[in-house]
Amino acid sequence: MIIFLYGVSPQLKVFALDAATGQQKWVFDPATQKVKGTEGEPLSINSCRVVAYYKGEGDVESRIFYTAGSSLFCIDALTGKPVSSFGKNGTIDLHDGLGRDVHDQYVTSTTPGIIYEDLIIMGSRVAEEAGGAPGHIRAYDVQTGKMRWIFYTIPQPGQPGYESWEDKEANKHAGGVNAWAGFCLDAEKGVVFAPIGSATYDFYGGKRKGNNLFANCVLALDAKTGKRIWHYQTVHHDVWDRDLPTAPVLVTVTKSGQKIEVVVQVTKTGFIFLLDRNTGAPLYPIEEMPVPTTSDLKGEQLSATQPVPTFFEPFSRQSFTEKDLNNLVSKESYEEIKRKYQGFLKQGLYTPPSKQGSLVFPGTLGGAECGGPAIDPETSILYINSNEIANVITMVDVKDVSLTTKQNNLEAGILLYKSNCMGCHASDRKGGNNYPSLIGVNKNYSQESLLQLLNTGRRMMPAYKHLNAEEKDAIVSYILDLKEKQKEPYLGTGKPKDFYSKVPYSATGYNRFYTKDGYPANSPPWGTLSAISLNTGKIIWRETLGDDAEFKAKGIHTGTLNFGGPVVTAGGLLFIAATKDSKFRAFNKKSGKLLWEVDLPAAGIATPSIYQVNGKQLRCNSVWGWR
């Protein structure tokens, strides 16, 4: 009998391999399918973290589910052919069924859904700017594709959580609050657990006052009906992009000699939330700590307190003082970051975004990130890798200037860039974090190919279908510096924005605090791997994870930015790739000692897989270009 291993390529092709030999059995290419979003225009290339597998029952064959663009595909697991009885020719459009028309918005799924009985339960990734689509959770029949239930993550009138939004029209306009990081399932109890992201816009909440349930919540739902069982909010009124970055983990721990089933949720801030699996109640005290409430952004209304776990030691540093500045760089570089540091707003873990520039540490990429933790069920030890790199969030005024035919394409393009692109690519178009510089982009893009990118989106970039043709032309003329096109009169009239889309402030980008040499401005370690006892709350060991080649040559282990989690085995090993230095490593799970490391052809920013075929234990890891 052949055991299949399934995966997804960067071009969103699903493939099946013989798990014992690696021999290819079939490939499915979504770009060849005649479905909405893939016919007549190029496919939107989203990130895709593997697939969901339905093993089949009775006359129903085993099936693979995954998302390409805005389409959820259902594929025969043995043949690689679309299952025509599912939805329309084997696919459904994730724009449909969200309670309002979002067909001109960005909706996809970067993480596979989860199977419960005859349901595929789906989260989504949506745009993070103001006016994006809502992230409601939906369940579909695995055979027909019919939507069986929906949970409104932005509550409707009369539903629990509705009162946490001060504006009672929020359900019609607000976006985000999405389960982008996947799910975990207690199949025996029939409960699905979802980590929920933040509400949009990420860094200004003046148009979404209140605690914004069910944003930033661990959410327990009845998997059969979608009914809420309990929730626990880890951040109130999030203005730091501290969405829950990974699915929670189910495990049994010991407290006062008693075995208790729990849900474990790690966060970007380095906190661990340990919640009773049946009730959502914290197993140990979580205190509502007073936090800064003064903002220089008009209309902002920050939460007066934030929940802080008291039992666990944080697995990531949570403060950044002047003593923590990177002194491994040149004196000139050190003095430069010192001057910058002294000019930032610094009020601790919950420093509000500001026009001055606010130091956010850990940064928007964690702490914990999308790889998540591994847990040894025999010892209740959690293993988690972490990023320790700061961001600077600087807010600027967004002028309320209407587009008119009195403007030329350059004037309109600048305004449209500031309201649509600046938050990622920065006000100077130099990018930052995961977002590339747009300076000199005309070497790689023509007017036609950049318009195509605006229409489809790619990876981290959403599609801008909400912009009309004239607006896209104006943006392209600005970004590509098309002198003659810029002189032409702007032919569009613009369209009025709704309450939620029209925000008065925008961040200048997801800017990491780096030295001019390209190193983190804080001292190492920049990436760590920790083992933490869920029974005692104590860190058992912590090691740097990854190396910078320049500093390694000097005998200095720095750690690196890392994406992708660890796996742990009963035999005493922990495997992890994740790091910028393109290594795959094995550690002793008890001591944290590095046992071996091997070079990968590119950074393995994905969690390894461990499986057994014919009595032989195997491991594999995907590799990607560094982002």
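**Entry 1**

I began with Glu117, which is partly exposed, with a relative accessible area of 44%. The model I am reading is a predicted one. Glu117 has a positive phi of about 50°, although it is not a glycine. I located Glu117 in the loop between S9 and S10.

S9 and strand S10 (residues 119-122) run antiparallel and are joined by three bridges. Opposite Tyr116 I found Leu119 in S10.

**Entry 1: the sheet that holds S9 and S10**

Which order do the strands of this open sheet have? I read it as S9-S10-S12-S13, four strands with antiparallel pairing. Strand S9 (114-116) and strand S13 (147-151) stand at the edges; each has a single partner strand, so one side of each is left without a neighbour in the sheet. I noted that neighbouring strands here are turned by 25° against each other on average, direction ignored.

**Entry 2: Val50**

I looked up another residue with a positive phi. Val50 is not a glycine, yet its phi is positive, at about 65°. Val50 is found in the loop between strand S3 (24-28) and strand S4 (52-54). Val50 has 39% relative accessibility and therefore counts as partly exposed.

**Entry 3: strand S25**

I asked how many residues of strand S25 (residues 381-387) are buried. The count is seven of seven, so S25 is largely enclosed by the rest of the structure. I checked the two faces separately. One side carries Ile381, Tyr383, Asn385 and Asn387, the other Leu382, Ile384 and Ser386, and all of them are buried.

I next listed the partners of S25. Strand S24 (residues 374-376) pairs with S25 in the antiparallel sense over three bridges, and Asp376 stands opposite Ile381. S24 and S25 form a hairpin with four residues between them. In the turn, Ser380 has a positive phi of about 55°. Strand S30 (residues 527-533) also pairs with S25 in the antiparallel sense, over seven bridges. Within that pairing, Ser530 in S30 is the bridge partner of Ile384.

**Entry 4: cis peptide bonds**

I recorded a cis peptide bond from Phe361 to Pro362, with omega near -5°. Pro362 is in the loop between strand S23 (358-360) and S24. I also recorded a cis bond from Pro524 to Pro525, with omega near 5°. Pro525 lies in the loop between strand S29 (511-512) and S30.

I turned to helix H5 (residues 447-456), whose buried residues are Leu450, Leu451, Leu453, Leu454 and Thr456. These residues pack against helix H6 (469-479). Just after H5, I noted Gly457 with a positive phi of about 75°.

H6 also packs with helix H3 (residues 409-420), at an angle of about 95° and with the axes 7 Å apart. H3 and H6 are therefore roughly perpendicular to each other, as angles of 65 to 115 degrees count as such.

Which residues of H3 and H6 make the contact? From H3, I listed Asn409, Leu410, Ala412, Gly413, Ile414, Leu416 and Tyr417. From H6, I listed Glu471, Ala474, Ile475, Ser477, Tyr478 and Ile479. The residues of this contact divide into nine nonpolar, three polar and one charged.

Notes. Residues numbered from 1 in each chain as written. Predicted model: local features only at pLDDT ≥ 70, side-chain atom pairs only at ≥ 80, totals over all residues. Heavy atoms only, no water. Pairing = 2+ DSSP bridges. Helix = DSSP H or I, 4+ residues; strand = E, 2+ residues; numbered from the N terminus. Axes fitted to C-alpha atoms, helices over the stretch in contact; angles between N-to-C directions. Buried < 20%, exposed > 50% of the residue type's maximum accessible area, 1.4 Å probe, protein only. Contact = heavy atoms within 4.5 Å. Parallel < 35°, antiparallel > 145°, perpendicular 65-115°, else oblique. Nonpolar A, V, L, I, M, F, W, Y, C, P; charged D, E, K, R; others polar.
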